[in-house]
Amino acid sequence: MHHKKEAGIKGTMDLAKKLEHIVLFEKGKHEKGVLALKSINTEIINLRKEFQEKEEQVKIKK
């Protein structure tokens with residue numbers, strides 16, 4: 001996802017809502033139930049941060 005918001009997906013919460021409607025995300029191995037919308041959004045934000053950090057590391061190496 002880019003920082004510039006474009007048509008289709010408008011930020012992480014919008015993506016989380018779309019994903020929640022498509023599939024039920026199960027909790028961890030020792031937990032029962034499915035993830036809440038807020039948890040899905042948090043995971044998306046964490047993934048985005050990881051991707052950004054890796055991109056920055058690649059730029060530094062060049």
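**Note on the packing of helices H1 and H2**

1. In this predicted model, the axes of helix H1 (residues 12–22) and helix H2 come within 9 Å and cross at roughly 125 degrees. Helices (H or I, at least four residues) and strands (E, at least two) are DSSP runs, numbered from the N terminus. Axes are lines fitted to C-alpha atoms, for helices over the stretch in contact, with angles running from 0 to 180 degrees between N-to-C directions. Residues are numbered from 1 along each chain as its sequence is written, and side-chain values use heavy atoms, with hydrogens and water left out. Local features need pLDDT of at least 70 and side-chain atom pairs count only at pLDDT 80 or more, whereas totals for chains, interfaces and linings use all residues.

2. H1 and H2 are therefore oblique to each other. Angles under 35 degrees count as roughly parallel, over 145 as roughly antiparallel, 65 to 115 as roughly perpendicular and the rest as oblique.

3. On the H1 side, the residues that meet H2 are Thr12, Met13, Leu15, Ala16, Lys17, Leu19 and Glu20; their counterparts in H2 are Leu37, Ile40, Asn41, Ile44, Ile45 and Arg48. By class, the residues of this contact of H1 with H2 divide into eight nonpolar, two polar and three charged. Ala, Val, Leu, Ile, Met, Phe, Trp, Tyr, Cys and Pro count as nonpolar, Asp, Glu, Lys and Arg as charged, and the others, Gly among them, as polar. Contact means heavy atoms within 4.5 Å.

4. Asn41 lies in helix H2 (residues 37–61). Asn41 counts as buried because its relative accessibility is 11%; buried means under 20% relative accessible area, exposed over 50% and partly exposed in between (1.4 Å probe, protein chains only). Leaving aside residues up to four places away in sequence, Asn41 touches Thr12, Met13 and Ala16.

5. Leu19 belongs to helix H1 and, at 26% relative accessibility, counts as partly exposed. With residues up to four places away in sequence not counted, Leu19 touches Phe25 and Ile44. The C-alpha atoms of Leu19 and Asn41 are separated by 9.6 Å, the two residues being 22 residues apart along the chain.

6. For the chain as a whole, the secondary structure comes to two helices and zero strands. Buried residues make up 10% of its 62 residues. The chain exposes about 5,800 Å², of which carbon and sulfur atoms supply 55%; accessible areas come from the Shrake-Rupley method with a 1.4 Å probe, and for residues only the protein chains shown count as cover.
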